[in-house]
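Hi everyone, thanks for making time for this.

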Amino acid sequence: MNSVLAFTIIMLVWTVSDYISKKTKSLLSTLLIASLIFLVGFKTNLFPEDLLPSSSLLALGTTVVGFILVHLGTTISLKEFKQQWRTFLIGVAATLGIVAALLLVGPLFEDQSYAIAAIGAISGGTISIIMVQDAAIAAGLLSVAVLPVLISAFQGLIGFPLTSLILRKEANRLHQEYQENPAAFASTEKVVEKETKKTRLPELFHTTAGTLFVVGVTVLLATFVNNLTNGMINTFILCLLFGIALRELNIFKPNILNGIDAYGLMMLAILIIIFGPLATISIHDLIELILPLTLSFLVGVTGNVLFAAIAGKFLGYSLSMSIAIGLTSLYGFPGTMILSQEAAKSINGTPEEIALIEGQILPKMVIAGFSTVTITSVFITGILVNLIG
């Protein structure tokens, strides 16, 4: 297929998907709409099977996965995690709940490879899905590679409304506490800070090309260490760790790729990777995935909620806040921010009270999203993918 035509069609699909997502206030995620369009397009032969590779986006996405992981590492502030250590632990517990539930219960209704694929998708985001897909495709398991795509497409439909209801309950509880004892809310934690640290990198590397160069060197270093340990320490995990460390050392600025000309295209290229298996999977195989898809959600989310609730009980969080923290694994940022703001606005209070409630909920939800989607899921998925096949 003509490369320019393929690229243009994909941009149209993403434009339409993003527009619908915004109109539904993210209830229908961009990923869900795009998955449905690509699936229908491939199965009706409206799109040729070589649409994605012809666009060159697949090659770009595969190249820059490590770049995005280094970038994600630079979005994480250890200072923020120290202030919200209890939230972080609840997020870790919630992810472990998904792992425990699917590894123990999953094999009762599906192969272990499906359970691992479901863990990577339910507990994390795009990077975890790509890690699962790479392992599944290498093992010749196409349907296993497709399962996390379907799970990720429907995560928002489950996570957003469920978390919205729970956070509104938490907001009302906090509002009632405030009315009974305003003094208890005098000191609101402000974890999401704007850092203005200057990078130690010479000005030469502050350009788009310079930034991509230093991040590329970091990815190459992670690959070298991975090869040195014969794959025992996953390249993706190392990229994340290097990003965190280099930010803390002030070598990389926070959110290092934000603001450079190539960032948006790099993110889109990575997202396009996960749609690849949809082009070749059969309708029969898709139908057979309905049961694993449904039960994976049921078992995984149950384990998530249960472990989050238990951890929250020990750490002094309310039941509703604990469950909301756990459910961030289904969507991450910016859903964590949007749902927190909407929950605060749902109370029948003054602007000052709304701001106070948001100040109590938002920091926890933002750190929770990093804890589940960005950190714990990548580490756990990096370990478990070796068992696929």
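**Helix contacts and buried residues**

Let's begin with Gly326, which sits in helix H15, the stretch covering residues 319-327. Before I go further, please keep in mind that this is a predicted model. Is Gly326 buried or exposed? Its relative accessibility is 0%, so Gly326 counts as buried. What does Gly326 touch, if we don't count residues up to four places away in sequence? The partners are Ala94, Asn304, Ala308 and Thr372. One distance to go with that: the C-alpha atom of Gly326 is separated by 9.7 Å from that of Gly312, and these two are 14 residues apart along the chain.

Next, please find Thr163. You'll see Thr163 in helix H9, which spans residues 142-180. Thr163 also has 0% relative accessibility, and because buried means under 20%, Thr163 counts as buried. Setting aside neighbours within four places in sequence, Thr163 is in contact with Ala324, Leu327, Tyr331, Leu339 and Met365. Now compare the position of Ala34. Between Thr163 and Ala34 there are 129 residues along the chain, and their C-alpha atoms are separated by 23 Å.

Helix H1 covers residues 3-23 and helix H2 covers residues 30-43; their axes come within 8 Å and cross at roughly 135 degrees. At that angle, H1 and H2 are therefore oblique to each other. As for handedness, the crossing of H1 and H2 is right-handed. Which residues meet there? From H1 we have Ile10, Val13, Trp14, Val16, Ser17, Asp18, Ile20 and Ser21, and on the H2 side they meet Thr30, Ile33, Ala34, Ile37 and Phe38.

Ser17 lies in helix H1, and with 0% relative accessibility it counts as buried. Leaving aside neighbours within four places in sequence, Ser17 is in contact with Thr30, Ile33, Ala34 and Ile37.

One more helix pair before I stop. Helix H4, residues 57-74, and helix H11, residues 235-248, have axes that come within 7 Å and cross at roughly 40 degrees. H4 and H11 are therefore oblique to each other, and their crossing is right-handed. On the H4 side, Val65, Gly66, Leu69, Val70, Leu72, Gly73 and Thr74 meet Phe236, Cys239, Leu240, Gly243, Ile244 and Arg247 of H11. The residues of this contact of H4 with H11 divide into 8 nonpolar, 4 polar and 1 charged.

How values were computed. Residues numbered from 1 in each chain as written. Predicted model: local features only at pLDDT ≥ 70, side-chain atom pairs only at ≥ 80, totals over all residues. Heavy atoms only, no water. Axes fitted to C-alpha atoms, helices over the stretch in contact; angles between N-to-C directions. Helix = DSSP H or I, 4+ residues; strand = E, 2+ residues; numbered from the N terminus. Parallel < 35°, antiparallel > 145°, perpendicular 65-115°, else oblique. Left-handed = near helix turned anticlockwise from the far one by under 90°. Contact = heavy atoms within 4.5 Å. Buried < 20%, exposed > 50% of the residue type's maximum accessible area, 1.4 Å probe, protein only. Nonpolar A, V, L, I, M, F, W, Y, C, P; charged D, E, K, R; others polar.
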